[in-house]
Amino acid sequence: MKTKFLFTPTLCVALCLLAVAPVLAQNAPHAKDDRDDQVSIVQISDTHLGDHHAPHAAENLKQAVKMINDRHPDAVILSGDIGENPQAWDEARSILKKLKVPLYYVPGNHDVHSKDVERYRRVFDKDYYEFQVKFVRFVVIDSQLLGNYDVYSDKSPAPLPPETEDESDRMLSWLNGLGEERRTSKQVVIGVQHIPVFHDGKFPDPKPYWVISEPYRSKEMKALRQLGIKDMLVGHWHNGRVFEREGITWHVAPSTAWLPWGGELGFAVHTISADGNVRTQFEDLPGANP
Ligand SMILES: [Zn+2]
């Protein structure tokens with residue numbers, strides 16, 4: 001009798017759930033994913049508004065915004081090369097205003113050159129900063145303060161002008177300061193910047209233009225290790241890929257605008273679990289032209 005007494009309410013609850021579950025599913029096909037045990041981030045990159053290499057940049061970005069709104073991520077990150085000039089930035093911002101979730105901007109080497117970081121700051125405020133999404137802390141780094149990317153064809157890394165070198169020192173002190181604070185914390189920390197620190201094997205080609213070079217490379221890697229960063233979200237290569245190097249997984253988002261190295265136009269979707277594991281999928285823009 002005792003068994004029956006325990007079994008009956010349990011069975012009733014189970015049957016009720018079975019009956020209600022399909023109704024809930026039908027009523028909420030587009031409900032936001034409110035799971036507390038994972039974070040869903042969409043990363044768009046290299047949108048290149050106003051660049052003659054990317055005549056369809058604006059329409060592609062509009063398509064991406066629609067697709068992203070249908071996915072209901074927790075946040076969106078734009079990892080640089082937003083547009084060629086302040087007018088192009090305005091156009092990008094007016095398209096991106098339609099996103100229904102928070103958007104975080106990161107400067108690329110088409111946005112910030114070796115001497116004009118103030119121009120970016122006047123429009124976008126900070127070029128390096130932190131933000132929090134649920135249990136994940138994101139650290140945004142301005143990779144253009146870690147090298148001079150003004151000349152594509154340079155065969156060896158060009159120096160930064162002295163005033164930008166000072167900016168570089170300030171950013172690295174800030175980054176090291178975050179590491180000191182975090183040494184004991186178990187929080188998941190993920191880094192974001194435009195330019196990857198390392199090549200992926202020989203990709204895209206041996207030019208220093210594609211990566212962070214010394215002395216900045218060692219300084220940055222030391223700071224990233226101190227922060228406990230195991231994953232970096234980057235762009236710049238216009239080619240979606242994920243690779244490991246020096247204890248960090250580098251998640252390179254594709255471009256929405258321009259394909260100098262083949263591949264597909266699209267964006268990256270990162271799902272981050274409570275233990276800090278980052279799973280990346282690439283979503284193509286169907287029918288989009290570069
Ligand atoms: Zn780019």
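Author: Buried means under 20% relative accessible area, exposed over 50%, and partly exposed in between, with a 1.4 Å probe and protein chains only. This is a predicted model, where local features need pLDDT of at least 70, side-chain atom pairs count only at pLDDT 80 or more, and totals for chains, interfaces and linings use all residues. Residues are numbered from 1 along each chain as its sequence is written, and side-chain values use heavy atoms, without hydrogens and water.

Reader: Is His48 buried or exposed?

Author: His48 is buried, because its relative accessibility is 0%. His238 is buried too, at 4%.

Reader: What coordinates the zinc ion?

Author: Asp46 (OD), His48 (NE2), Asp81 (OD) and His238 (NE2), at 2.1 to 2.2 Å. Donors are N, O and S atoms within 2.8 Å of the metal (3.2 Å for Na, K and Ca); water is not among the atoms, so sites may look incomplete.

Reader: How are the donor residues spaced in sequence?

Author: The pattern is D-x1-H-x32-D-x156-H. His48 sits in the loop between strand E1 (38-44) and helix H2 (57-71), and His238 in the loop between strands E7 (231-234) and E8 (241-245), so the pair ties together parts 190 residues apart in sequence. Helices (H or I, at least four residues) and strands (E, at least two) are DSSP runs, numbered from the N terminus.

Reader: New topic. In what order do the 6 strands of the open sheet come?

Author: E4-E5-E6-E7-E9-E8, with mixed pairing. Two strands pair if DSSP finds at least two bridges between them. E4 (129-133) and E8 stand at the edges with a single partner strand each, so one side of each has no neighbour in the sheet.

Reader: How many bridges join E5 to E6?

Author: 5, between residues 136-140 and 188-192, and the two strands run parallel. Phe138 stands opposite Ile190 in E6.
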